[in-house]
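This report describes a protein chain and its ligand surroundings. Please read it beside the sequence and the 3D view.

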Amino acid sequence: MNLTLHVWRQKNRNTPGKMVTYPAKNISEDMSFLEMLDIVNEELIQKGEEPIAFDHDCREGICGTCSLVINGMPHGPERGTTACQLHMRKFKDGEEIYIEPWRAKAFPVVKDLVTDRSAFDRIIQSAGYVSVNTGGTPDGNALLIPKERQEMAMDAAACIGCGACVAACKNASAMLFVAAKVGHLRNLPQGETERLSRVRKMVDQQDKEGFGHCTNYYECEAACPKEISVRFITQLNRDYVRSMLAVDTREETSSGGA
Ligand code: SF4
Ligand code: FES
C-alpha cells in the first residue's frame with residue numbers, strides 16, 4: 001500500500017504546530033498503524049530529519065498509552081480498538097490519512113502526537129483507591145458477590161486510561177474515565193465504605209484539571225476502545241448527588257442499585 005500522511009508536528013507546547021505531509025510507501029496491510037509510523041520514522045531518520053513523536057508501550061491494547069486521532073476519530077475508524085491494534089488493512093491503497101494528538105486543554109501537547117495525560121494520574125491520586133482495611137485473601141474469597149455486580153465491576157475495570165473519551169468529547173469531559181474508575185471500586189464490597197467521599201474527590205479533581213462537563217452526547221462511549229458504557233456515568237451522577245446530600249445508600253448498593 002502507498003499512503004499519504006498528514007501529521008501534526010509541534011516542537012513543544014509553547015511552539016505553534018502545523019500539519020506536515022509525508023508519503024508512507026510499501027506498507028503491508030498486515031502492519032499495525034504504529035508499525036506503519038515506525039517505517040515512516042525510519043525513513044525520516046535516514047534522511048536526517050526529526051522522527052514523529054508518538055506514545056506507545058504495550059502495543060497490544062492494554063496499557064492505554066497510544067493516543068492518536070486518526071481521520072478525526074480517537075484511535076481511528078475501528079470500533080472497540082486501540083490505535084496500536086488497528087491494522088492497515090482497514091485503509092485503502094492511495095488513501096490520505098490525517099493524524100493528530102488528543103485535543104483537550106487538560107492534555108497539553110508535549111511534542112507532535114504526544115500529550116501530557118498526568119491529569120488522569122492526579123484524578124486517581126485524589127481518591128481512586130480503597131484505603132480501608134479489607135482483610136486478607138481468605139476474607140476476600142469469603143465475600144459472596146452477586147454475578148451481576150461482579151460483571152459490572154469487571155466491565156468498568158476494563159478502562160485502560162487512554163483518554164480517547166476526553167478527545168472525542170466536544171466538552172473534553174473526563175466523565176467516562178472517572179465513572180469507570182469509580183465504577184470498578186463502588187460495585188465491589190471492598191469499595192463500598194468510601195464510595196461517596198471517593199466520588200466527590202475524584203469529580204472535584206476532574207473539575208480542577210480543566211475537563212469539561214458531560215452533556216450526554218455519548219461520543220465518549222463510541223470512541224472508547226474498551227467500549228465502557230455510559231451507564232457508569234449514570235451511577236457516578238447518582239453517587240455524586242447522594243454525596244452532596246450525605247444520604248446513606250448502603251441498602252441500595254448492596255442490592256445492586258444502578
Ligand atoms: S473510558 Fe475508555 S476511552 Fe476513556 S480512558 Fe477509559 S478506556 Fe480510554
Ligand atoms: S500501546 Fe498499549 S494500548 Fe496501545
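The model is predicted: local features need pLDDT of at least 70, side-chain atom pairs count only at pLDDT 80 or more, and totals for chains, interfaces and linings use all residues. Residues are numbered from 1 along each chain as its sequence is written, chains are lettered from A and ligands numbered from 1 in the order written, and side-chain values use heavy atoms, without hydrogens and water.

**Ligand 1.** The shell of ligand 1 holds 13 residues, and C159, C162, G163, C165 and C224 are the closest; a residue belongs if one of its heavy atoms lies within 4 Å. Helix 5 (164–168) and helix 6 (175–186) each give two or more residues to this shell. By class, the shell has eleven nonpolar residues, two polar and no charged. Despite the cysteines listed, the whole structure has zero disulfides (cysteine sulfur pairs within 2.5 Å).

**Accessibility.** Buried means under 20% relative accessible area, exposed over 50%, and partly exposed in between, with a 1.4 Å probe and protein chains only.

| Residue | Relative accessibility | Class |
|---|---|---|
| C159 | 13% | buried |
| C224 | 9% | buried |
| A172 | 14% | buried |
| N26 | 67% | exposed |
| L245 | 59% | exposed |

**Backbone.** N26 is not a glycine, yet its phi is positive, about 50 degrees; this residue lies in the loop between strand 2 (18–24) and helix 1 (33–46). A172, also not a glycine, has a positive phi near 50 degrees and sits in the loop between helix 5 and helix 6.

**Helix 9.** L245 belongs to helix 9 (residues 231–245).

Conventions:
Helices (H or I, at least four residues) and strands (E, at least two) are DSSP runs, numbered from the N terminus. Ala, Val, Leu, Ile, Met, Phe, Trp, Tyr, Cys and Pro count as nonpolar, Asp, Glu, Lys and Arg as charged, and the others, Gly among them, as polar.
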